Amino acid sequence: MMPSEEKLTLLNVGNTRVHLYDSLPDGTIIKRAVFETSAFPDSSVKWMDCSRHFAAASVVPRVTKRLSELGVFVVSPEMTFPFSVKTLDLSTVGADRLANAARLTEGKLPAVCIDFGTAVTFEFVTEDGEFAGGAILPGRMLLRHALHDYTAQLPLLDLTDAVPAMPGRNTCDAMRIGTDLAAIGAVREILFSLEKQYPPDSLRKVACGGDRHFFLNHLDLEDGGDDFTLHGIRKIWECNS
């Protein structure tokens with residue numbers, strides 16, 4: 001354990017929100033604040049505390065640049081990781097996916113993380129600890145935006161926990177059925193293609209991200225919790241400190 005870990009703050013910068021947590025010596029991660037990504041970081045940088053170390057994963061170039069200028073440890077492909085890499089092109093892999101793969105190495109392998117956010121990403125780590133790649137598809141809100149943004153009359157719908165019964169009795173229900181079942185089906189099919197490579201029940205499947213609860217109701221996945229990616233950020237920070 002790093003001596004200064006008691007003064008470590010973790011940031012997970014997504015396309016929609018920034019999650020800021022404090023990391024404690026016993027491994028506990030405590031939530032401090034959530035910011036809208038569009039407004040982060042503000043010019044006064046009120047969230048910073050000079051007595052602490054900061055480690056971040058960011059998928060937003062504007063924020064990544066600003067955090068680097070402020071001296072924050074920002075996960076990047078050039079760092080040392082707790083996983084090996086053989087054929088994967090790390091230069092194209094987002095920091096959140098690197099953190100997810102790092103977190104997977106702390107549990108049973110082989111394993112795949114499915115991160116349900118604005119996009120749905122898959123990070124796969126083999127039984128010998130190799131981050132071998134994954135998959136990326138639109139999240140439920142992006143699917144809704146696609147229907148709204150590229151048609152003349154279809155509305156933009158909020159996310160809901162339940163999928164209406166088939167057949168949809170109105171346009172909104174039909175859209176919810178189409179987008180939600182498409183997302184569930186895509187995730188199920190990708191997992192099926194990966195599971196075929198291993199004996200039954202040998203692949204660990206972990207869900208994380210803000211929209212994971214919807215998918216946990218429809219798919220057999222382990223709940224990685226709200227701090228899954230944050231633990232991965234801390235793991236990478238430890239590997240480079």
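Predicted model: local features only at pLDDT ≥ 70, side-chain atom pairs only at ≥ 80, totals over all residues.

Me: Why is Arg176 called buried, and where is Arg176 found?

Reply: Arg176 is found in helix H4, and because its relative accessible area is 17%, which falls under the 20% limit for a buried residue, the label applies. Leaving out residues up to four places away in sequence, Arg176 touches Arg144, Leu157, Asp158, Thr160, Pro164 and Leu181.

Me: What makes Ile190 partly exposed?

Reply: Ile190 has a relative accessibility of 25%, and since buried means under 20% and exposed means over 50%, this value lies in between, so Ile190 counts as partly exposed. Ile190 also has its place in helix H4, residues 171-195, and, residues up to four places away in sequence not being counted, touches Phe122, Ala135 and Leu137. The C-alpha atom of Ile190 is separated by 9.9 Å from that of Ile136, which is 54 residues apart from it along the chain.

Me: How do you know that the length of H4 agrees with what a helix of 25 residues should span?

Reply: At 1.5 Å a residue, the 25 residues of H4 should span 36 Å, and because the end C-alpha atoms are 36 Å apart, expectation and model agree. At the start of H4, a side-chain oxygen of Asn170 comes to within 3.2 Å of the backbone nitrogen of Cys172. The buried residues of H4 include Met175, Ile177, Ala183 and Leu194, and among the elements that cover the buried residues are strands E6 and E7, helix H3, strand E9 and helix H5.

Me: What makes H6 largely enclosed by the rest of the structure?

Reply: Of the 12 residues of H6, 9 are buried, and therefore the helix is described as largely enclosed; among the buried ones are Phe228, Leu230, Ile233 and Trp237. As to its length, helix H6 (residues 228-239) should span 16 Å, and its end C-alpha atoms are 17 Å apart, which agrees.

Me: Why is H2 called roughly perpendicular to H6?

Reply: The axes of H2 and H6 come within 7 Å and cross at roughly 85 degrees. Because angles of 65 to 115 degrees count as roughly perpendicular, H2 is given that description relative to H6. The residues making the contact include Leu98, Ala99 and Arg103 of H2, with Phe228, His231 and Ile236 among those of H6, and they divide into 7 nonpolar, 4 polar and 3 charged.

Me: What is the phi of Asp201, and why does Asp201 count as exposed?

Reply: Asp201, which is not a glycine, has a positive phi of about 65 degrees, whereas most residues other than glycine have a negative phi. Asp201 lies in the loop between H4 and E9, and because its relative accessibility is 80%, over the 50% limit, Asp201 counts as exposed.

Definitions and conventions
Residues numbered from 1 in each chain as written. Heavy atoms only, no water. Helix = DSSP H or I, 4+ residues; strand = E, 2+ residues; numbered from the N terminus. Buried < 20%, exposed > 50% of the residue type's maximum accessible area, 1.4 Å probe, protein only. Contact = heavy atoms within 4.5 Å. Expected span 1.5 Å × (residues − 1). Axes fitted to C-alpha atoms, helices over the stretch in contact; angles between N-to-C directions. Parallel < 35°, antiparallel > 145°, perpendicular 65-115°, else oblique. Nonpolar A, V, L, I, M, F, W, Y, C, P; charged D, E, K, R; others polar. Polar contact = N/O pair within 3.5 Å; in protein donor to acceptor, adjacent residues only side chain to side chain.
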